[in-house]
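Visitor: Please pick one part of this model and take me through it closely, with the cut-offs behind each term. I would rather have one connected account than a list.

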Amino acid sequence: MNEAVERATPDLVELRIPARPEWVALARLAAATVANRLRLSIEEIEDVKLAVAEACTAVIQNDGRGEFIQLTCEALGDSLRVRLHDSGHHGLHATESPSMNFEEARIAGLGIFLIRTLMDEVSYDVHPQLGTDLLMVKRVAGRPK
Amino acid sequence: MDIKVNVREAPGDCYVVELSGEIDVYTSPKVKDAIGTLIDRGVYHLVINLEKVRYIDSTGLGVLIGGLKRVREHGGSVNLVCTNPQIKKIFDITGLVKIFGIFDSEDAAMKALV
């Protein structure tokens, strides 16, 4: 690609996947590919893959889910921003889903714990009509906030 | 993406479940079935070999925890074989290193079974 065009075009990838288990691997791969554009270590890229997969899994395993998950990954100069949108209303409270048994709720809690541990910044917004937006940020090591 | 499950009998009333591939929300039911089938048959001492597992998420961890819980009800145990640093890290940060015996080789994992 022309260098000037490459500079002008942000590394931003949008992906819309059905909220079903067989599509989670694609979301992981997309996030890892964008993460690879930054100077993240292999370990940090693995962290991103796991966090994205856990976020998708939380949507899929929650009753309030929509049909699709919208994933947006953007490689900025010093960080990777991953936004996950779905039309469900669960936020990161998957452990409160009434359809889950105790064991499932514990595992869901583990997934959310992993997201919060592996990513540098995690926030979410639950809108009654529009659904849930989850924002996760992974910063390139050594870069200030 | 898939997970391969190879189950084989080992000395001392023990079975080895060798997993190969990626364990996530899509593939973990297959692992759960394999472990559940063994436990239903009365096998309560398991070594689960994760050496060829490239990736595991919380659903995979959940399957392992569920298996461990079931065998412990019968006085059994589950030991893991894991050498992949990324996977070891997940066991570490979730505190599961305190629950599972994690070994570098199948031999060591089998010898340590209670």
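Guide: In chain B, the hairpin of strand 1 and strand 2 has three residues between the strands, and B:Gly12 takes a positive phi near 80° there. The model is predicted: local features need pLDDT of at least 70, side-chain atom pairs count only at pLDDT 80 or more, and totals for chains, interfaces and linings use all residues. Residues are numbered from 1 along each chain as its sequence is written, while chains are lettered from A and ligands numbered from 1 in the order in which they are written. Helices (H or I, at least four residues) and strands (E, at least two) are DSSP runs, numbered from the N terminus.

Strand 1 and strand 2 of chain B run antiparallel and are joined by eight bridges; two strands pair if DSSP finds at least two bridges between them. Opposite B:Glu9 stands B:Tyr15, in strand 2 of chain B. B:Leu80 has B:Ile102, in strand 5 of chain B, as its bridge partner.

Residues are in contact if their C-beta atoms, placed from the backbone, lie within 7 Å. The expected span of a helix is 1.5 Å times one less than its number of residues. Helix 1 of chain B (residues 28–40) has 13 residues and should therefore span 18 Å, in agreement with the 18 Å between its end C-alpha atoms.

B:Ser28, B:Val31 and B:Ile35 are the buried residues of helix 1 of chain B. They sit on the same side of this helix because they cover an arc of only 65° around the axis, the arc being that of the directions from the helix axis to the C-beta atoms. A residue is buried if 20 or more other C-beta atoms lie within 10 Å of its own, exposed if 12 or fewer, and partly exposed in between, with C-beta atoms placed from the backbone. Covering the buried residues of helix 1 are, among others, strand 1 (3–10), strand 2 (14–23) and helix 2 (58–72) of chain B. On the face turned away from the buried side, helix 1 of chain B carries the exposed residues B:Asp33, B:Thr37 and B:Asp40. After helix 1 of chain B comes B:Gly42, with a positive phi near 95°.

Helix 2 of chain B has 15 residues and reaches 21 Å from first to last C-alpha, close to the expected 21 Å. Its buried residues include B:Leu61, B:Val63, B:Leu64, B:Ile65 and B:Leu68.

Terms used: Contact = placed C-beta atoms within 7 Å.
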